[in-house]
Amino acid sequence: SEVTLQFESYINGFYGSSGKILASVDCGYTWEHVQFITADTFNWQTQIVDLSNFAGESSVKIAFHHNDNGLWAAGFAVDDISLTGVLYSETQTIGLIQDWGLMSTYLAPLEPSIDSLFANINSLLIVKNGSGSIYWPSYQLNLIGNAVIGKGYQYRMSSPDTMYVIGIPVFPELEPISIPIGWSILGYLRNSPALADVMLNAISTDIEIMKNENGTVYWPLYNLNMIGNMLPGKGYQINMINQVTFTYPP
């Protein structure tokens, strides 16, 4: 959410020599002026450039640009380049139902271990991943390890509660999800609801059946979508005919 470029510069300004910092968000096709570099005849200078306007861009290129005005200028030297910043994060609120339910997150959690994700959920009894590994808080037993982007998790609660996941939003179209043959639990990586049959259309012929936590089904063989929208924060039990690698639409 905040990005700062810092470096040492030497430019003496002779013959109108000048330096500046440019930035590009389209891989160098166009460049935007960010800051001029002040000349000093004899000394290196510490330069601090605020790049926070570019936070959130998927790609940013930085250029150190020198102009000698067509004369015999001395050039523009840079050293000790560093980028620092404050990591952007969001909080996703996930409602956990009583008894058995299914959850997932569209964030890459800052603390990804399953026990950290469920740390403040006092009514949690057990968590299972798609392959049957468990997190059992009563025994401080975490056999799941870290949450995996794109995967869902089955939990059991003695009473309803609310989970708050803090993390970095993922780009769904850039996160391939490996879905094995047979049963597993699929997560939902988009931050808005969308129809299950639309989201999974690319792999519909590979799906036997998919269920939400209420047992409602998406059954592509019969063009039957009783689930309706897939929802942020929910997970889905899915039975596959073939193993596939799948990405959600953006």
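1. Partly exposed means a relative accessible area between the buried range, under 20%, and the exposed range, over 50%. W44 has 47% relative accessibility, so W44 counts as partly exposed. Y10, at 23%, also counts as partly exposed. Keep in mind that this is a predicted model.

2. Aromatic pairs come next. The structure holds six of them. In one, the ring centres of Y10 and W44 are 6.1 Å apart and the planes meet at 40°, so the pair is tilted. Y10 belongs to strand β1, while W44 sits in the loop between β3 (32-37) and β4 (45-50). The pair therefore ties together parts that are 34 residues apart in sequence.

3. W136 and Y139 form an edge-to-face pair. Their centres are 4.8 Å apart, with 70° between the planes. W136 is partly exposed, with a relative accessible area of 34%. Y139 reaches 60% and counts as exposed.

4. Ring pairs also join Y188, F246 and Y248 into a cluster.

5. Look at the surface too. F14, Y15, L71 and W72 make a nonpolar patch of about 550 Å². Y15 lies in the loop between β1 (2-10) and β2 (18-24). Its relative accessibility is 55%, so Y15 counts as exposed.

6. What does T4 touch, leaving aside residues up to four places away in sequence? The contacts are I48, V49, S82, L83 and T84. T4 is in strand β1 and, at 27% relative accessibility, counts as partly exposed. From T4 to M103 is 99 residues in sequence and 37 Å in space, C-alpha to C-alpha.

Technical notes: Residues numbered from 1 in each chain as written. Predicted model: local features only at pLDDT ≥ 70, side-chain atom pairs only at ≥ 80, totals over all residues. Heavy atoms only, no water. Patch = residues over 30% accessible without salt bridge, like charges linked within 9 Å, V, L, I, M, F, W, Y side chains within 5 Å. Areas by Shrake-Rupley, 256 points an atom, 1.4 Å probe, with all protein chains shown as cover. Salt bridge = Lys/Arg side-chain N within 4 Å of Asp/Glu carboxyl O. Helix = DSSP H or I, 4+ residues; strand = E, 2+ residues; numbered from the N terminus. Buried < 20%, exposed > 50% of the residue type's maximum accessible area, 1.4 Å probe, protein only. Contact = heavy atoms within 4.5 Å. Phe/Tyr/Trp six-rings, centres within 6.5 Å; stacked < 30°, edge-to-face > 60°.
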